[in-house]
Amino acid sequence: NLFSVSWVTVKGEAAAIETELLRDYRFGQQQLIEIWGQACAHAITKAYPLSSLSKKQPTVLVICGPDQNGSIGLVCARHLRIYEYEPTIYHPKRSSQSLHQDFTVQCEKMDIPFLSYLPTEVQLINDAYNLVIDAMLGPDADCANIKEPYPGILVTLKQVKIPIASVDVPSGWDVEEPSQDGINPEVLISLTAPKKCAMSFSGKHFLAGRFLPYDIQKKYELNLPDYPGTDCLIEL
């Protein structure tokens with residue numbers, strides 16, 4: 001495991017980096033979400049290649065939250081569809097942000113199905129999908145105060161037997177420390193730089209942050225690892 005403490009961002013640092021990218025470097029919000037979402041889809045293809053899936057259909061359940069992590073999940077689902085997976089999206093609380101709505105429409109136009117409810121019967125999820133992508137609660141979520149329907153979804157996810165891949169921070173985990181009783185993802189895809197809670201993560205860990213300008217990397221002393229070839233992500 002190539003994990004280096006110097007790559008880790010502390011609470012608030014990831015948000016500060018994002019603000020700088022948007023304000024000073026003139027990145028667009030939609031652009032960042034697209035970059036991250038496509039990188040997440042790449043990570044899924046590396047961790048779970050089509051040829052390795054156990055079910056006849058390459059089905060994937062993508063659970064999206066109301067904020068930016070949810071938008072990243074929508075982009076990830078769209079790219080997985082292009083890579084010939086069969087994503088289904090569960091998106092219980094849709095954001096009124098036009099950006100979020102745009103990403104939703106893009107998925108609908110790709111004929112990606114949206115679930116109206118999540119089965120509480122865990123076996124139905126185990127039988128229908130090869131894996132679950134958790135794009136619910138990002139690094140900004142207040143873990144002590146998670147609003148419905150997400151606590152109920154987390155209870156279900158703790159019981160599923162199929163693998164879970166989490167985007168940036170496993171939902172329900174505190175960004176600063178690993179969770180004792182939270183969900184237990186098999187794959188974590190860190191965005192920009194790993195968060196502190198990822199330090200003890202023992203599963204497959206990918207980092208997507210190759211687009212970061214050098215001055216930002218220097219300013220925040222990220223000392224990011226060398227990405228292989230032309231890849232947009234690296235397995236840590």
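Modeller: Let's start with the sheet: two strands count as paired if DSSP finds at least two bridges between them. Keep in mind that this is a predicted model.

Colleague: Fine. How many bridges join β7 to strand β8, and do they run parallel or antiparallel?

Modeller: Three bridges connect β7 with β8 (residues 233–235), and the two strands run antiparallel. To find one such spot on screen, go to Leu 207, which sits opposite Ile 234 in β8.

Colleague: And how many bridges join strand β6 to β7?

Modeller: Five bridges link β6 (residues 187–191) to β7, and that pair is parallel. Look at Leu 188 there: its bridge partner in β7 is His 205.

Colleague: What order do the eight strands of the open sheet have?

Modeller: Read across it as β3-β2-β1-β4-β5-β6-β7-β8, with mixed pairing. The edges are β3 (114–115) and β8; each has a single partner strand, so one side of each lacks a neighbour in the sheet.

Colleague: How many of the residues of strand β7 are buried?

Modeller: The idea is to look at relative accessible area: buried means under 20%. In β7 (residues 204–208), four of the five residues are buried, so the strand is largely enclosed by the rest of the structure.

Colleague: Going back along the sheet, how many bridges join strand β4 to strand β5?

Modeller: Three, between β4 (residues 131–135) and β5 (residues 164–167), which run parallel. In this pair, Asp 134 stands opposite Ser 166 in β5.

Colleague: Which strands does helix α6 lie across?

Modeller: Helix α6 (residues 150–159) lies across β1 (59–64), β2 (86–90), β4 and β5, and runs at about 150° to β1.

Colleague: Now helix against helix. At roughly what angle do the axes of helix α3 and α4 cross?

Modeller: For these, read the angle between the axes; under 35 degrees counts as roughly parallel. The axes of α3 (residues 68–82) and α4 come within 9 Å and cross at roughly 20°. The two helices are therefore roughly parallel to each other, and α3 passes α4 in a left-handed crossing.

Colleague: Which residues in α3 meet α4?

Modeller: On the α3 side you'll find Gly 70, Ser 71, Leu 74, Val 75 and Arg 78, and they meet His 100, Phe 103, Thr 104, Gln 106 and Cys 107 in α4. Sorted by class, this contact has four nonpolar, five polar and one charged residues.

Colleague: What does Gln 29 touch, leaving out residues up to four places away in sequence?

Modeller: Gln 29 touches Glu 18, Leu 22, Gln 68 and Leu 99. For a sense of scale, the C-alpha atoms of Gln 29 and Thr 45 are separated by 25 Å, with the two residues 16 apart along the chain.

How values were computed
Residues are numbered from 1 along each chain as its sequence is written. This is a predicted model: local features need pLDDT of at least 70, side-chain atom pairs count only at pLDDT 80 or more; totals for chains, interfaces and linings use all residues. Side-chain values use heavy atoms; hydrogens and water are left out. Buried means under 20% relative accessible area, exposed over 50%, partly exposed in between (1.4 Å probe, protein chains only). Contact means heavy atoms within 4.5 Å. Axes are lines fitted to C-alpha atoms, for helices over the stretch in contact, and angles run from 0 to 180 degrees between N-to-C directions. Angles under 35 degrees count as roughly parallel, over 145 as roughly antiparallel, 65 to 115 as roughly perpendicular and the rest as oblique. A crossing is left-handed if the near helix is turned anticlockwise from the far one by less than a right angle, and right-handed if clockwise. Ala, Val, Leu, Ile, Met, Phe, Trp, Tyr, Cys and Pro count as nonpolar, Asp, Glu, Lys and Arg as charged, and the others, Gly among them, as polar.
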